[in-house]
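Please open the model in your viewer and keep the selection panel at hand. We will go through it stop by stop.

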Amino acid sequence: MPSNKITLNLPDEMSDDLARIAEALEIADLNQAALLGLAEWIARRKSELDDRDPDQRYFINEALDQLAARKKE
């Protein structure tokens with residue numbers, strides 16, 4: 001399965017916060033913590049999109065399905 005790579009340059013404060021959260025939740029590393037944060041953000045916004053435009057429901061569900069499949073690998 002092809003993967004999409006995103007490179008983020010985080011401000012030091014955000015990176016430090018993410019590292020503290022990852023450590024507290026026993027998440028392997030910053031990349032995994034960032035991926036989980038993004039997945040949570042997408043899930044929260046999904047209902048907002050569904051309410052605005054029912055045609056977008058499949059697009060968001062497909063993205064979440066792909067993310068869930070990657071986590072299982």
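Helices (H or I, at least four residues) and strands (E, at least two) are DSSP runs, numbered from the N terminus. This is a predicted model, in which local features need pLDDT of at least 70 and side-chain atom pairs count only at pLDDT 80 or more, while totals for chains, interfaces and linings use all residues. Residues are numbered from 1 along each chain as its sequence is written, and side-chain values use heavy atoms, with hydrogens and water left out.

**The whole chain.** Of the 73 residues, 12% are buried (under 20% relative accessible area; exposed is over 50%, partly exposed in between, with a 1.4 Å probe and protein chains only).

**Helix α1.** Select residues 12–24, the 13 residues of α1. From first C-alpha to last, α1 reaches 18 Å, close to the 18 Å expected (1.5 Å times one less than its number of residues). Now show the side chains of Arg20 and Asp17, which form a salt bridge with the closest N and O atoms 2.4 Å apart (the term asks for a side-chain nitrogen of Lys or Arg within 4 Å of a carboxyl oxygen of Asp or Glu). Arg20 and Asp17 are 3 residues apart in α1, so about one helical turn separates them.

Next, select Glu26, in the loop between α1 and α2. Its phi is near 55°, a positive value in a residue other than glycine. Is Glu26 buried or exposed? At 73% relative accessibility, Glu26 counts as exposed.

**Helix α2.** Move on to Arg44 and Glu40, whose side chains meet in a salt bridge at 3.4 Å, N to O. Both lie in α2, 4 residues apart. Arg44 is partly exposed at 45% relative accessibility, and Glu40 is partly exposed too, at 48%.

**The largest pocket.** Finally, show the surface. A pocket here is an open set of points on a 1 Å grid over the protein atoms alone, where a 1.4 Å probe fits, with protein on both sides within 12 Å along at least five of seven lines; lining residues have an atom within 4 Å of a point. The largest pocket has a volume of about 950 Å³ (the space filled by probe spheres set on the points). Select Leu8, Asn31, Ala34, Leu35 and Leu38, the closest to its centre of the 25 lining residues. Which helix gives the most to this lining? That is α2, with 9 residues.
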